[in-house]
Amino acid sequence: MIRTLFHTFLGISCLLLPCGIKAETTNSGYPINPVDFTAVKVHDGFWGKRLQACREVTIPLAFSKCEETGRYRNFINAANPSDSHPASEFPFDDTDVYKTIEGASYLLQTYPDPKLEQYIDSVLNIVAAAQEPDGYLYTARTMNPRHPHGWAGSARWEKVEDLSHEFYNLGHMVEGAIAHYQATGNRKFLDIAIKYADCVCREIGDGPGQVARVPGHQIAEMALAKLYLVTGDKKYLDQAKYFLDKRGHTSRRDSYSQAHKPVTEQDEAVGHAVRAGYMYAGMADVAALTGDSAYIKAIDKIWDNIVRKKLYITGGIGSTHHGEAFGANYDLPNHTAYCETCAAIGNVYVNHRLFLLHGDSKYYDVLERTLHNGLISGMALDGGAFFYPNPLASYGDHERKPWFGCACCPSNISRFIPSIPGYVYAAKDNDLYVNLYMPNSANLKIGGKEVELTQSTLYPLDGDILFTIGKNRKGEFALKLRIPGWVQNKPVPGDLYSYIDNKTPGYKVTINGAPADGKLTSDGYFTINRKWKKGDKVSLHLDMEPRLVKAKDKVAADRGLVAIERGPLVYCAEGPVLNSSGKPYPSAVNPNEGNGFFTSEGSGGKGEAEAFENAIDIHSVIVPTNAEITATVRPEKFNGIVELAVPVQAVSVDSDGRISTADTTLRLIPYYAWNHRGRSNMSVWHKTAARLYNE
């Protein structure tokens with residue numbers, strides 16, 4: 001039944017038409033409220049293509065992998081426990097089902113599909129049957145109670161602070177259930193999640209008959225705060241706060257699990273980067289809903305530590321493979337960078353919440369950098385292959401995969417991409433914040449009254465954005481346009497990265513062709529307060545030039561190197577895989593072009609083999625610090641990109657050890673687009689003469 005419905009879904013998904021857009025502002029509990037993703041219809045363009053790939057490829061792929069890899073079978077076995085059932089590979093495999101349903105539910109809001117709803121409903125029947133009478137739902141134990149998964153422990157919650165992931169499963173279940181309920185109005189999944197949440201609330205705590213435990217892998221904190229908003233039942237918020245307040249006071253007290261000290265005393269990002277990001281986001285949620293200022297002070301200090309000392313230029317976080325974790329301050333290696341896709345998603349969650357708390361555009365500067373670089377690099381353009389780590393350099397030893405045994409990143413990005421429309425706008429009282437630029441139509445509520453707004457733009461490939469006011473029952477309100485930090489010569493908040501090219505880009509805002517009567521306010525927004533009328537047009541121009549960036553000298557890995565970016569996009573050079581003699585493999589040489597190439601098979605790319613732009617050793621070129629970089633629109637490449645050409649010197653060493661250089665051109669593509677033509681060398685950072693001299 002499930003397989004039949006799934007393949008029916010595959011056949012019709014690309015034919016669906018968008019439904020009507022709702023006018024909603026999410027009640028988040030924050031001072032600023034995000035405009036719900038259901039109120040924003042993203043059109044074609046950069047993000048429209050990403051959403052289409054997720055709808056047509058990623059979500060169907062994720063569901064098919066749940067079938068093929070036994071995720072559904074785990075629930076069926078749990079409903080019929082037996083000593084003969086083998087353990088699943090990981091005790092968190094259940095979450096791949098929950099996350100995929102969440103992503104599909106976001107899509108259902110704007111692309112209604114009865115067949116998909118029916119398919120999800122059939123899956124939920126299996127999930128519901130696996131739930132124990134008191135609400136506990138953890139297939140890794142229930143399918144074979146006498147011989148549970150080796151990470152699960154002999155009893156409930158015994159290893160929840162270590163490896164069992166029982167609370168982690170709860171968190172993703174709740175997140176998926178709320179999305180499904182909001183999309184369909186169907187309470188089936190929500191009731192399952194509430195029943196499990198109630199079980200946790202009954203059994204975890206400091207009261208009689210309870211056990212004191214905190215999540216080993218955080219996310220339940222975020223989910224329970226959201227469940228409180230949906231149900232109005234404060235016990236869920238209390239449980240979320242308990243999980244945070246109790247951290248550092250149970251048997252688990254290590255930095256890897258962010259349990260080395262109470263959360264309100266923490267001031268540095270440490271440990272597993274995904275767990276950390278989820279916990280910091282949960283702290284922000286609880287702070288907003290309870291008004292606990294100690295939480296806010298702690299998360300502000302942690303954020304400052306990340307952006308000033310532990311953030312990659314791509315917006316990635318988590319520098320070390322060991323423990324998938326944050327490293328020491330300024331420890332940001334490139335080839336061995338971990339930068340897990342899930343950690344990038346967590347970084348977006350944290351910065352979004354801090355914006356909702358504080359209303360400063362600097363948080364969106366970090367969010368946008370992460371979103372356009374270190375996050376979407378984790379999924380191929382066609383939606384069918386994935387990175388787990390996202391390094392900033394490669395020697396042909398990295399390649400996207402169609403799936404992983406530990407599938408947290410593919411299923412996580414499949415739920416995140418469809419939620420993108422919910423990050424575009426936000427509202428507070430009489431203010432409408434425009435935080436991301438992408439073509440869309442939105443039906444918003446400002447001060448309780450409806451306002452229609454459309455965006456037309458090619459951003460992030462181009463810096464021109466046109467806004468048109470439609471129906472406007474509000475009349476007067478403040479339109480707040482984010483002026484990105486990269487326009488104001490600030491790659492990121494703080495001094496971790498800086499521009500070195502002495503350029504002074506600017507911006508221009510007009511209303512109906514005349515200079516706008518507004519100003520750049522201290523929160524980083526160009527604010528226009530006026531009585532708007534239907535048909536008003538606001539034009540925002542952001543100078544978008546290639547820029548040279550350096551890292552702070554304390555970042556040893558980047559000392560004497562430069563990176564190149566344009567607008568919000570970080571660029572990289574990509575070239576052929578080299579053999580031990582420093583030459584391209586014979587199969588990687590195009591005799592007509594002289595460039596290395598590989599077929600796209602296995603890389604998530606489409607079409608025939610393409611030549612790489614660079615036939616040189618990209619790791620040995622020298623970029624002049626006064627390089628004149630040219631930008632060229634390439635609509636035929638990678639769904640359309642702006643390619644950069646940089647004059648460089650290629651360094652080579654002959655058989656006698658003599659060094660020689662030759663003038664040539666290095667061609668760069670956006671970082672997110674690398675590895676779409678097979679394995680290759682890749683580098684974000686490039687040597688300058690200063691680096692060569694020091695070596």
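In this predicted model, helices α9 and α10 run roughly antiparallel to each other, because the angle between them is about 160° and angles over 145 degrees count as roughly antiparallel. The points below begin with this helix pair and then turn to aromatic rings, individual residues and the backbone.

**Packing of α9 and α10**

- Helix α9 spans residues 220–231 and helix α10 spans residues 234–245, and where they pack, their axes are 7 Å apart.
- The crossing of these two helices, α9 and α10, is left-handed.
- On the α9 side, the residues that meet α10 are A220, E221, L224, A225, L227, Y228 and T231, while α10 contributes K234, Y236, L237, Q239, A240, F243 and L244.

**Aromatic rings and charges over them**

- The structure holds 32 aromatic pairs, and one of them, formed by F46 and Y672, is edge-to-face because the ring planes stand at 85°, with the ring centres 5.3 Å apart.
- F46 belongs to helix α2 (residues 46–68), whereas Y672 lies in the loop between β24 (659–670) and β25 (681–683), so this pair ties together parts that are 626 residues apart in sequence.
- Both members of this pair, F46 and Y672, are buried.
- One aromatic cluster is formed by Y136, Y138, W157, F167, Y196, Y242 and F243, and F243 is also among the α10 residues that meet α9.
- Y136, a member of that cluster, has R156 lying over the face of its ring, at 4.0 Å from the ring centre.
- In another arrangement of this kind, the charged end of R55 sits over the ring of Y111, 4.0 Å from the centre of that ring.

**Buried and exposed residues**

- H172 is placed in helix α7 and has a relative accessible area of 0%, so H172 is buried.
- Leaving aside residues up to four places away in sequence, H172 touches T95, Y98, K99, I219, Y278, N412 and R415.
- For one of these contacts, T95, the separation from H172 is 77 residues in sequence, yet the C-alpha atoms of the two residues are 5.9 Å apart in space.
- S154 lies in the loop between α6 (139–142) and α7 (166–184), and S154 counts as exposed because its relative accessible area is 63%, where the cut-off for exposed is over 50%.
- Between S154 and D617, which are 463 residues apart along the chain, the C-alpha atoms are separated by 55 Å.

**Backbone features**

- W157, which lies in the loop between α6 and α7, has a phi near 65°, a positive value in a residue other than glycine.
- With a relative accessible area of 3%, W157 is buried, and W157 is also part of the aromatic cluster described above.
- C339 likewise has a positive phi although it is not glycine, the value being near 45°, and its place is in the loop between α12 (293–310) and α13 (341–358).
- The relative accessibility of C339 is 2%, so C339 counts as buried, the cut-off being under 20%.
- Y459 and P460 are joined by a cis peptide bond, for which omega is about 15°, and P460 is placed in the loop between β7 (449–457) and β8 (464–472).

How values were computed
Residues are numbered from 1 along each chain as its sequence is written. This is a predicted model: local features need pLDDT of at least 70, side-chain atom pairs count only at pLDDT 80 or more; totals for chains, interfaces and linings use all residues. Side-chain values use heavy atoms; hydrogens and water are left out. Rings of Phe, Tyr and Trp (its six-membered ring) pair if their centres lie within 6.5 Å; planes under 30 degrees apart count as stacked, over 60 as edge-to-face and the rest as tilted. Helices (H or I, at least four residues) and strands (E, at least two) are DSSP runs, numbered from the N terminus. Buried means under 20% relative accessible area, exposed over 50%, partly exposed in between (1.4 Å probe, protein chains only). A charge sits over a ring if NZ of Lys or CZ of Arg is within 6 Å of the ring centre and within 35 degrees of the ring normal. Axes are lines fitted to C-alpha atoms, for helices over the stretch in contact, and angles run from 0 to 180 degrees between N-to-C directions. Angles under 35 degrees count as roughly parallel, over 145 as roughly antiparallel, 65 to 115 as roughly perpendicular and the rest as oblique. A crossing is left-handed if the near helix is turned anticlockwise from the far one by less than a right angle, and right-handed if clockwise. Contact means heavy atoms within 4.5 Å.
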